[in-house]
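Please read it with the sequence and the model at hand.

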Amino acid sequence: MVKFSREYEASIIPEWKAAFVDYKGLKKLIKKIKISRRDDDSSTSSALIASSGAGDRGESESESFSFSVLDPVRALAARLAPRVQALGPNNSVREDEEGSGTDSGELVRSWDKHEREFLERADEELEKVNSFYGAQEAELLARGDALLEQLRILADVKRILADHAANRRRNRGLARTRSMPTPPPLSASPNVSSGRYLLSPGLASPQSMSDGSLEMQQAETAEGAAVADEVMAALERNGVSFLGLPGKKDAKKADAGAKSRALQMPATVRIDIPASNPGRTALKVWEELVNVLRKDGADPAAAFVHRKKVQHAEKNIRDAFMALYRGLELLKKFSSLNVKAFTKILKKFVKVSEQQRATDLFSQKVKRSPFSSSDKVLQLADEVESLFTKNFTGNDRMVAMKYLKPQQLKNTHMITFLVGLFTGTFVSLFIIYAILAHVSGIFASAGNTAYMEVVFHVFSMFALISLHCFLYGCNLFMWKSTRINQNFIFDFAPNTALTHRDAFLMSASIMCTVVAALVINLFLRNAGASYANAVPGGLLVLSIGVLFCPFNVFYRSTRYCFMRILRNIIFSPFYKVLMADFFMADQLTSQVPLLRHMEFAACYFMAGSFKANPYETCTNGQQYKHIAYVISFLPYYWRAMQCLRRYLEEHDMNQLANAGKYVSAMVAAAVKFKYAATPTPFWVLMVVISSSGATSYQLYWDFVKDWGFFTPKSKNLWLRDELILKNKSIYYLSMVLNLLLRLAWTESVMKFRVGKVETRLLDFSLASLEIIRRGHWNFYRLENEHLNNVGKFRAVKTVPLPFRELETD
């Protein structure tokens, strides 16, 4: 049976760990009580034995045998009788004042200092839990009230837009009816439906058509003004005010022209949608431009309320409801776990100290505490669930629960079996390939340079991808072991997020497929087949097909999320930068060799070089070298643009400093390419200076900013105050390892004189070391992010609400 202490530690919310009951600390105090009572019992027994042996020497032997066996029991009972004192500085209460002590939350305290220390410590923990629960409850209730207002506003806006859309369709139908040829009526008769007269007999003249279009424009203008007026009235009814907008009384007194001008002011209704992609950014810029250029005679329909923005607003409100429900569930879990912890620890206390009355008083105090007795969170959770089911899932509770309570997929033994199967197959195939390559002398022969180039570029690319997946699996395993909530940090859905077994399966399957292709390619080459080099090309096509496969196989949600993040990175800074975006961009800065391999594969296979031209056709071209130069600093450029976007949004100077780090890396890459073209002593010196400066910059940012080390006045030398790993020596070894791997660029200056095969092997080894450094960096980067969330008790994301007062824009 699992001990409660282990179950408790495994169940607490990591970001709120400091607010939970210190169960281990209270358990240690109970252990002190137990040891103290055991020592007292042993000393009492010794004293009783000594006193029984030191009787009256003057008495006779017959009287010495008159000692009763009940005397030690009576003495022990008299010793253990509780001494009840009045409540004073030592926080005790009289026995006859039990009612008043209970009301004031004061408890009976034992004469033993350890028991008194336990009750005082338990009272402090209770106060800590209550204060945290009260603050979180107030915040969630306020957020719930705000969301209810947002939902009412959304319902009013959707109703107004739906009504005006129906009116617009009806007016257009009437306009088409009027423009159609009609038989001349005997007399002008009023149209009951439209309230207008059909006066024009026969076909409509151009003048009448132009008049009709003018009337339609006027109708649309009036409709836009009416939409803006009704929407603003709905917002004002829900408590949203607008700066510079005249009040209702003034609006009634003003004439129609003044009212129209009031609606055209920049204070017209706005739906605040974050500019998270290029489309929203362009729309926001256009709205701001129109608001600035708009004058009194402008079109009132420019009050930017349209169906697309309402859909975005509805999505934001839905996400806010999901985040609120998540927070309520966490707070309910916080309450139940703390109640259970207090119950368990008080049972241990009464068992050791035998202070039943003090324990009962404290138990009553726990039951009356807000975190245990308040039902506001339960009521709000039920209300949120009902509203979400009604407004976002069409009263389908099962679908609503899939959004509100996403269940993480259970790990099956099949994944573990497949990991072992693919790993064993990969090892066997690699041994077969090594034997075949050695027997055929493919790497030792000088006439097989083309094979070496194709094999190195294509298969090294997949090997580096597989290594990165394997290290990501190691990261996931360590984050799970240390209870770092990577899904919350990256904003991944728990029901579709990868586990470490999934990452290991991806790595093993990639390597198994790659080595199988290597063996097939070598067999075909030894057999003299002319299409042997089509095997690497087929492998590339297969990998692209799996990546873009639309069917729900091969981790479709993960593949699509990966492509979406890559899109956000490539089009930086037009997309809003999230944690997953810049984390992946950092991974790409370590995959520059992989991008160069992709360049060669694209040139070699897409240009048809494997059919008519040797591989040097691509590598010797000037355009190929220029593209290679661009690829070398492209990941750093993307990352710098992300830092610039975050600076524009957050106005944090650290983001500009971080962008400077990537600019220095781009300068170092440019100098290295220049040195590769003209290896003169001057450029050697420039490589050393630029690379040393960039490396120092990167090391400072790794240790201080990304990992949070070198904290001033830290209780852990050169580290930070809070550490997740218990062994501090691991952190120091990691710092040394990161320093050594950051200095891998020195190989480009040393110019080792080795053969063609050894050069390729050295390049692959250096690329692998950089990926290993990045995987090693990932753990400490997310550890620091997790501790920042813990320090701010941030366990639920905050979703921006679309309808806000103008003063907060």
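## Basis

This is a predicted model, in which local features need pLDDT of at least 70 and side-chain atom pairs count only at pLDDT 80 or more, while totals for chains, interfaces and linings use all residues. Residues are numbered from 1 along each chain as its sequence is written, and side-chain values use heavy atoms, with hydrogens and water left out.

Side chains of opposite charge can pair when their charged atoms come close. Here a salt bridge is a side-chain nitrogen of Lys or Arg within 4 Å of a carboxyl oxygen of Asp or Glu. The whole structure holds 22 salt bridges.

R121 pairs with E125, with 3.5 Å between the closest N and O atoms. Both sit in helix α6 (residues 113-179), and because they are four residues apart, about one helical turn separates them. Helices are DSSP runs of H or I with at least four residues, numbered from the N terminus. E125 also bridges to K128, where the closest N and O atoms are 2.8 Å apart; these two residues are three positions apart in α6, again about one turn.

For exposure, buried means under 20% relative accessible area, exposed over 50%, and partly exposed in between (1.4 Å probe, protein chains only). E125 is buried at 7%. R121, at 26%, is partly exposed, and K128 is partly exposed at 25%.

## The pair in helix α26

In helix α26 (residues 622-650), E649 and R645 are four residues apart, about one turn of the helix. They form a salt bridge whose closest N and O atoms are 2.7 Å apart. R645 has a relative accessible area of 9% and is therefore buried, whereas E649 is partly exposed at 34%. Elsewhere, salt bridges with shared partners link D22, R121, E125 and K128 into one network.

## Surface patch and loop

V427, I431, I435 and V439 make up a nonpolar surface patch with about 380 Å² of accessible area together. Patch members have over 30% relative accessible area and no salt bridge, and nonpolar side chains (Val, Leu, Ile, Met, Phe, Trp, Tyr) are joined within 5 Å. Areas come from the Shrake-Rupley method with a 1.4 Å probe. I431 belongs to helix α16 (residues 413-440) and is partly exposed, at 47%.

D375 lies in the loop between α13 (370-373) and α14 (376-392). With 39% relative accessibility, D375 is partly exposed.

How values were computed:
Patches are made of residues with over 30% relative accessible area and no salt bridge: like charges are joined within 9 Å, nonpolar side chains (Val, Leu, Ile, Met, Phe, Trp, Tyr) within 5 Å.
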